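Look over the sequence and the coordinates before reading on.

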Amino acid sequence: MLFLRLIIKNLFNRKTRTILTIVGISIGIATIIIFGMVSNGLTNSMSTAFKPGKADFTVAKADVADMILSVVTREQLQTVRNTEGVESVVPYVMSLAPFTGNPYFILGGIDPNDLDLLGARITDGRIYRNGDEVAIGRIAAKNYNLKVGDTIVLNNKDYAIVGIFESGVTMQDGGAATTIAETQRLNSYTDNQVSMAMVNINPGLDPRAVADAVEARDTALLCVVDMDDFGSLDQGLSIIDSVSWAISVLAMVIGGIGVMNTIIMSVFERTREIGVLRAVGWKRRRVMAMILGEAIVISLGAAIIGIALGLGVVWLMMQTNMAKSWLDITMEAEIFLQALLVAVVVVILGALYPAYRASRFSPMEALRYE
Amino acid sequence: MNDSIIETHDLKKYFEEGRVKALDGVDISIRRGEYISIIGPSGCGKSTLLNMISALDRPTSGQVFLDGADLATFAALDEVRSHKVGFIFQLHNLLPQLTALENVIIPMHEISGSASAKEAKARLLLELIGVGHLAGKRPTRMSGGERQRVAIARALANDPLVILGDEPTGDVDTKAGLQIMDILEKLNREKGVTLIVVTHALDIAKHAQRTIEMRDGRIVHQ
Ligand SMILES: Nc1ncnc2c1ncn2[C@@H]1O[C@H](COP(=O)(O)OP(=O)(O)OP(=O)(O)O)[C@@H](O)[C@H]1O
Ligand SMILES: [Mg+2]
């Protein structure tokens, strides 16, 4: 208790330096939080997009850099249909239609009769009947303040909003849906091409096993059963993930060097003081504990501020339409623990050398130091 | 050796690869409860001798016995410093960010006991030295004499056998100096603490029971 009080007094005694150090580290932590939450949010919304509602898995073209580039043919889907264990296959066309501040507004093409199979339902109005009509997702309706009877302009074409649907999938509910033929036209697909398909299997079967059977029949296809398969489909997402890691690591390395720098300075400034502590009988270990203790208090302070800062930035981002329809942000304790852990580890690593140096001061030499 | 608390045998301390012989064969013996003053011209090795006795530094050769134990046998001298000796510097060397009370507690971090017991003891020591009213004050707001008295309280924190002062009155005016010496003498007289004081002031030296005189790293009279 007395020791902790001493540590806190030492930090307060050098307020400006302590605050600057805390700010430096907390920016690093905020970076981890922001990138972590955004890349998780993307993964969440994309992986649910690929396994919407009741469907067991999604089948798409293997080896595409981005899911938007996936194209499969009706023959391939027939092969899927013929695979043992497959109950139904729902073709889906994914088309992007820039819309008020969101360049990635999704206009999905899906046969109206298939909506059930995906667990999507019309909550207001009715289903679309032709390529001039759309149903818009619940989130899009709310974000853009649209209702049945309104007109929406996508790719310079007027569409009548005839219904509002809800699928429980952020990415789809943040967009709109129309007929397959219309989206094929927009994507310049032939009548024979769709983007991907959602697959339902016979009850009681293992989705993984059925997916493997599909992939064995046609190696050009990739089945996304859970999030782990997702990375192989969407390299874009894994790039985001790596970049987010690289930036976080860089932020913390810079933070660590900053901590080392400030603590070294504060240790040398306090040479004489440390000499006094050693002279009155403090063990090397205690001197080291004091310096490390100061570092730990700094890192805890930085963690709290960094997490708050990160959450604040993410909250601001979530106010934009694009993020609202594409990011499925969840509060995962893991990210916060990770940020806290990184803060403590980085700060301790940065403080270890200065603390060691401080503990090696000879009391005589230190006392003579001016 | 039984009633001697400090003994040195052919104690040598060289600096600068032997070019400076700060101590050049010192043999002294100090009895338990004695009040000793050490005098001599500047640079004769008084501080160096005090530093060897108080386990602040190790000799080049020779031995120091403190309370019957050869200091050379200690792997780490911090134990000796925290439990056996109390040191008073010429400059108070109090930590400026801490109050008087917290400064007195500093040496107690190395001993066991509850925070409240340590605080109570520190308060008692400050009162004993007559500066109880300064407990919550920082050294930067005290007079030189007050600081030095707080430093004495700190030296007493872990009930040392010996108190060593390296010109403890060197940085304060005559009146404060006499006050400080009064306190130290009282501790020696009433508590039986062995007292060793290095001083330039002869009027202070003559209060001691015995005076050790040094010149050029040697004892010329004891
Ligand atoms: N760390 C050191 N490195 C080099 N020389 C030293 C060191 N410490 C002391 N000396 C030298 O050793 C000699 C004795 O020094 P010491 O400090 O013991 O003298 P002193 O009697 O205390 O003098 P003063 O009365 O001025 O305090 C001096 O010549 C001094 O310059
Ligand atoms: Mg001296």
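R17(A) is partly exposed, at 21% relative accessibility. The model is predicted. R17(A) meets E269(A) in a salt bridge, with N to O at 3.0 Å. E269(A) sits in helix α9 (residues 235-269) of chain A and R17(A) in helix α2 (residues 15-50) of chain A, so the bridge ties together parts 252 residues apart in sequence. E269(A) is also partly exposed, with a relative accessible area of 46%.

**Salt bridge between the chains**

- Side chains of opposite charge can pair when their charged atoms come close.
- R5(A) and E119(B) form a salt bridge through their side chains, 3.0 Å from N to O.
- R5(A) belongs to helix α1 (residues 2-13) of chain A and E119(B) to helix α4 (residues 115-128) of chain B, so this pair joins two chains.
- R5(A) is partly exposed, at 37% relative accessibility.
- E119(B) counts as partly exposed too, at 21%.

- R210(B) and E34(B) meet in a salt bridge of 2.7 Å, N to O.
- R210(B) lies in strand β10 (residues 210-215) of chain B, while E34(B) lies in the loop between β3 (29-31) and β4 (35-39) of chain B.
- The two residues are 176 apart, and their pairing links distant parts of the chain.
- Is each partner buried or exposed? R210(B) is buried because its relative accessible area is 19%, and buried means under 20%.
- E34(B) is buried as well, at 4% relative accessibility.

**Salt bridges across the structure**

- D132(A), K157(A), E182(A) and R185(A) are linked in a salt-bridge network.

**Fold and size of chain B**

- Chain B contains seven helices and eleven strands.
- Its radius of gyration is 17 Å, close to the 17 Å that the globule rule gives for 222 residues, so chain B is as compact as a globular protein of that length.
- Along the principal axes, the C-alpha atoms of chain B fill a box of roughly 45 × 40 × 35 Å.
- Of contacts in chain B between residues at least 6 apart in sequence, 69% join residues at least 24 apart.

**Surface and charge of chain B**

- Buried residues account for 55% of the 222 residues in chain B.
- The accessible surface of chain B is about 9500 Å², and 48% of that surface belongs to carbon and sulfur atoms.
- Chain B carries 27 positive and 29 negative charges, whose mean positions are 3 Å apart.

Notes: Residues numbered from 1 in each chain as written. Chains lettered and ligands numbered in written order. Predicted model: local features only at pLDDT ≥ 70, side-chain atom pairs only at ≥ 80, totals over all residues. Heavy atoms only, no water. Helix = DSSP H or I, 4+ residues; strand = E, 2+ residues; numbered from the N terminus. Rg over C-alpha atoms; globule rule 2.2 N^0.38 Å. Buried < 20%, exposed > 50% of the residue type's maximum accessible area, 1.4 Å probe, protein only. Contact = heavy atoms within 4.5 Å. Areas by Shrake-Rupley, 256 points an atom, 1.4 Å probe, with all protein chains shown as cover. Lys, Arg positive; Asp, Glu negative; His and termini not counted. Charge placed at Lys NZ, Arg CZ, Asp CG, Glu CD. Salt bridge = Lys/Arg side-chain N within 4 Å of Asp/Glu carboxyl O.
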